[in-house]
Amino acid sequence: MVNSQLTSAISPRPYCCDHECPHSLVGSIDLRCFGSDKETGGALEEGRRPSDAETSSKASTSHVETLLSRSNSSLCRGFFRLWKHKSLRRLSSFPPVGFRKWSKKRSNRETHPSRTHSTSTDDFCFFRPTWKNFTISELEKATDNFSPENMIGKGGYADIFRGRLEYGRLVAVKRISRGSKDERTHNFLCEMGVLVHLHHPNIAKLIGVGVEGGMHLVFELSHHGSLENLLHDSKDKLDWEVRYKIAIGAAKGLEYLHERCQRRIIHRDIKVDNILLTEDFEPQICDFGLAKWLPDEVTHHTLSSFEGTFGYVAPEYCMHGVVDEKTDVFAFGILLLELITGRRAVDSSQQSLLMWAKPVLEENNIKDLVDPLLGDSYDCKQLLFAARTAFMCIQHSSVLRPRMSQACVLRILRGEEGRSDTVHVLQKPFIRRTFSEEILDAEEHNSTRYLKDINRHKQIAFDC
Ligand SMILES: Nc1ncnc2c1ncn2[C@@H]1O[C@H](COP(=O)(O)OP(=O)(O)OP(=O)(O)O)[C@@H](O)[C@H]1O
């Protein structure tokens, strides 16, 4: 049955936008992996503006509080069992909490003029027929029978093998190998369902798939592996010039996902492990296993299960399950801080980079942030632009974070926004907000509470 599902999924047919369809990006991995089927309902709510009553009655319950209140439940035990099997710090489906209901069409300010809003069938038929359907023998031959020596990555639900195709092309074969049969199928279809829409120099390039003897996604091999390998695992220092190039390229990739590709895609797991580097250090965003398609008409999704990576999670996602472009913008800010400081989002003593860097940025002591390995070998202006961008992206309130596009993040990063010669002072973002947004923000994004939550979140993740 799985195979027939897979075969039909890769055959050229209209892309389905139904929320219930396994090809759809709007479903969320359910909580069956925690052994709690009853928690699986209502995986997402589309963004609507809250009523006053809803706002006041539900705002006080956070994901973390609810998780803690259930800490003895089988749900929680399931989470920790799963945690041990997942890659470090990666949070898989977190239990649902009393997520609020929102009601609002997207405002004009938030719509994307760059994308056409067609609802015609053509809109759902965007796939690249150049994809190859690999046989298992081709993949085995390419990877030397998936030999351990060829394993170049081990993710939460897949192993990645280096391979050489018959005609010499180097590839990375992602073999979906963990989870139940349903989970593997779901993950495979979700990732493939996103990739079918994407074609950009800063997005990992899918060459084909293989559904014989397991589920496989075949990518162009990235010469330098992930940014994680290069920035944190290598003895060689990564030059500032390259870091800045990576920042710009990753920003372009995200801008494409959010505003320029066929669908509005939220990646949800932007981090150094998911930025691959080509031979000339061009960054490519990979791992679309958690990506969501967000319809243009809604402001955001509210997910009832929580997935992501500790250290990169935006406050509103952590506290209320709210997912939109700003979720990725926040994570991108953390990634920028990693590039500037050379520190991990969460270090070996479980200290958060955000907590360390934010006060330094607020004090405008930018030089104190710089990776000691760089010494004085960096471009001061580029550093200031990058620090300024990071500062804006990690704003607690999503309203205050810039968008990737509309000339926001990229322009700030390139120093094209504001007074480039007087950027010594990091300014608070200049986005004007409505009164209701101010109220909403003050009520809902209390930073003290967030810090409390994130600390408890950390305890759950690392101490149990
Ligand atoms: N095309 C590629 N070229 C080179 N290395 C790759 C490629 N794709 C993946 N990798 C390596 O494999 C690692 C894991 O890949 P990926 O993130 O796609 O797996 P995953 O199972 O989805 O991981 P996660 O636990 O983050 O979900 C990457 O961090 C990278 O080091």
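Predicted model: local features only at pLDDT ≥ 70, side-chain atom pairs only at ≥ 80, totals over all residues.
Biologist: Why are H10 and H11 called roughly perpendicular to each other?
Modeller: The axes of helix H10 (residues 325-341) and helix H11 (residues 353-362) cross at roughly 75°. Angles of 65 to 115 degrees count as roughly perpendicular, so H10 and H11 are roughly perpendicular to each other.

Biologist: How do you know that H10 and H11 meet?
Modeller: Residues are in contact if their C-beta atoms, placed from the backbone, lie within 7 Å. Ile334, Leu337, Glu338 and Thr341 in H10 meet Leu353, Leu354 and Ala357 in H11. By class, this contact has 5 nonpolar, 1 polar and 1 charged residues.

Biologist: What makes E4 and E5 a pair of strands?
Modeller: Strands pair if DSSP finds at least two bridges between them. E4 and E5 have 3 bridges, in the antiparallel sense, so they pair by that rule. Lys154 stands opposite Asp159 in E5, and the hairpin of E4 and E5 has 3 residues between the strands.

Biologist: How do you know that E5 and E6 are joined?
Modeller: At least two bridges are needed, and 7 bridges join these antiparallel strands. One of the partners is Ile176 in E6, bridged to Ala158. E5 and E6 form a hairpin with 5 residues between them, and Gly168 in the turn has a positive phi of about 95°.

Biologist: Which strands each supply at least two residues of the shell around the ligand?
Modeller: Strand E4 (151-154), strand E5 (158-164) and strand E6 (170-176) do. Of the 24 residues around the ligand, Gly153, Gly155, Gly156, Ala172 and Asp287 come nearest. The shell divides into 10 nonpolar, 9 polar and 5 charged residues.

Notes:
Residues numbered from 1 in each chain as written. Near = placed C-beta within 6 Å. Helix = DSSP H or I, 4+ residues; strand = E, 2+ residues; numbered from the N terminus. Nonpolar A, V, L, I, M, F, W, Y, C, P; charged D, E, K, R; others polar. Axes fitted to C-alpha atoms, helices over the stretch in contact; angles between N-to-C directions. Parallel < 35°, antiparallel > 145°, perpendicular 65-115°, else oblique. Contact = placed C-beta atoms within 7 Å.
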